[in-house]
Amino acid sequence: MGLSESDDFWFPGRWIGGIALLIGPLLLLAGGLVRLPYDYFFPEQLRAFVSHPTQILVAYNLFLAGNILLFPAILTLIHRIGRTEPDWALWGGTFVMLGLFARTFHYGINHLAFQLVNVQGLTQATKAIADSYGAFHIVSVLSGTILFGWVILAIGAYRSRTLSLVRSFSLGLMSSLMLGVLKGSSPVSILALSGLCIALVPLGIDVLKTGSWPGTRNLMGWIALVVGLLAFMYFLGQAG
């Protein structure tokens with residue numbers, strides 16, 4: 001017996017996409033704000049980790065979690081734009097998604113840098129990062145894509161009437177959020193992240209409102225299942 005097909009199916013779907021649109025930008029903004037008091041460039045980020053390790057780790061993990069949630073969030077935005085402006089959705093979405101992979105890669109290096117501080121001390125960790133800062137890796141090819149991708153996606157969002165002019169412009173501000181290893185926050189980055197919230201959080205609410213809601217018992221069951229899976233995967237990851 002073949003699998004049934006549905007023309008209504010789309011990935012990641014209303015619930016995952018809507019929640020990601022709602023939460024992802026807020027996590028990014030929260031992470032940016034937590035590390036705002038410290039200088040933007042990498043030596044100062046390592047020094048900030050020495051003096052305020054918990055605050056810096058919270059900031060970087062909030063930002064990384066938000067960046068990961070942008071994966072389903074941007075796919076949902078692409079789906080909306082692609083209904084009437086498929087070319088803008090295709091190119092803007094592709095460029096942004098490639099850039100998200102690049103930013104995630106950089107955050108793996110950030111994690112290693114902080115662990116080097118713990119293991120080898122600030123001086124040796126700073127030297128190791130400085131000496132290897134310009135080393136080639138294939139992900140460096142992707143760094144520029146996200147800068148153009150946000151602008152293309154913003155134009156597509158406006159042309160498709162997915163977002164208003166103000167919210168499309170706010171989305172385009174994300175092109176000013178620089179990529180790289182151990183990049184902190186600046187007023188420009190907070191402006192860009194605030195623009196992302198203005199653009200995507202209301203869209204997340206709109207996506208979640210497009211269908212019926214489950215009953216209270218079913219909703220609580222799904223929440224318990226998701227929390228349980230997250231806890232299981234966390235402990236599995238720690239064991240690995």
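In which helix is the place of Pro25?

Guide: Pro25 has its place in helix α1. First, some ground rules. This is a predicted model, where local features need pLDDT of at least 70 and side-chain atom pairs count only at pLDDT 80 or more, while totals for chains, interfaces and linings use all residues. Residues are numbered from 1 along each chain as its sequence is written, and side-chain values use heavy atoms, with hydrogens and water left out. Helices are DSSP runs (H or I, at least four residues), numbered from the N terminus.

Now to Pro25 itself. Its relative accessibility is 0%, so Pro25 counts as buried. Buried means under 20% relative accessible area, exposed means over 50%, and partly exposed lies in between (1.4 Å probe, protein chains only). Set aside its neighbours within four places in sequence, and Pro25 is in contact with Ala20, Leu196, Cys197, Leu200 and Val201. Contact means heavy atoms within 4.5 Å. Pro25 and Ala199 are 174 residues apart in sequence, yet their C-alpha atoms are 9.2 Å apart in space.

Next, the helix pair. Two packed helices are described by the angle between their axes and the distance between the axes. Helix α1 covers residues 14–34 and helix α8 covers residues 187–208. Their axes come within 8 Å and cross at roughly 160 degrees. Axes here are lines fitted to C-alpha atoms, for helices over the stretch in contact, and angles run from 0 to 180 degrees between N-to-C directions. So α1 and α8 are roughly antiparallel to each other. Angles under 35 degrees count as roughly parallel, over 145 as roughly antiparallel, 65 to 115 as roughly perpendicular, and the rest as oblique.

The α1 and α8 crossing is left-handed. That word applies if the near helix is turned anticlockwise from the far one by less than a right angle; clockwise would be right-handed. On the α1 side, the contact residues include Gly18, Leu21, Leu22, Pro25 and Leu29. On the α8 side, they include Leu193, Leu196, Cys197, Leu200, Val201 and Val207. By class, this contact has 19 nonpolar, four polar and one charged residues. Ala, Val, Leu, Ile, Met, Phe, Trp, Tyr, Cys and Pro count as nonpolar, Asp, Glu, Lys and Arg as charged, and the others, Gly among them, as polar.

Helix α8 has another partner: helix α3, residues 53–82. These two pack at an angle of about 55 degrees, with axes 11 Å apart. That angle makes α3 oblique to α8. Again the crossing is left-handed. From α3, the contact is made by Phe63, Leu70, Ile74, Thr76, Leu77 and Arg80. From α8, Leu193, Leu196, Leu200, Leu203, Asp206 and Val207 take part. Sorted by class, the α3 and α8 contact has nine nonpolar, one polar and two charged residues.

Arg80 and Asp206 deserve a stop. Side chains of opposite charge can pair when their charged atoms come close. Arg80 and Asp206 meet in a salt bridge, at 3.1 Å from N to O. A salt bridge is a side-chain nitrogen of Lys or Arg within 4 Å of a carboxyl oxygen of Asp or Glu. Arg80 sits in α3 and Asp206 in α8, so the pair links distant parts of the chain, 126 residues apart. Arg80 counts as buried at 14% relative accessibility. Asp206 counts as partly exposed at 36%. Across the whole structure, a search finds four salt bridges.

Last stop: Thr76, which lies in helix α3. At 0% relative accessibility, Thr76 counts as buried. Leaving out residues up to four places away in sequence, Thr76 touches Trp10, Pro12, Gly13, Gly17, Leu21 and Val207. Leu21 is among the α1 residues that meet α8. Val207 belongs to the α8 side of the contact with α3. Thr76 and Pro12 are 64 residues apart in sequence, but 6.8 Å apart in space, C-alpha to C-alpha.
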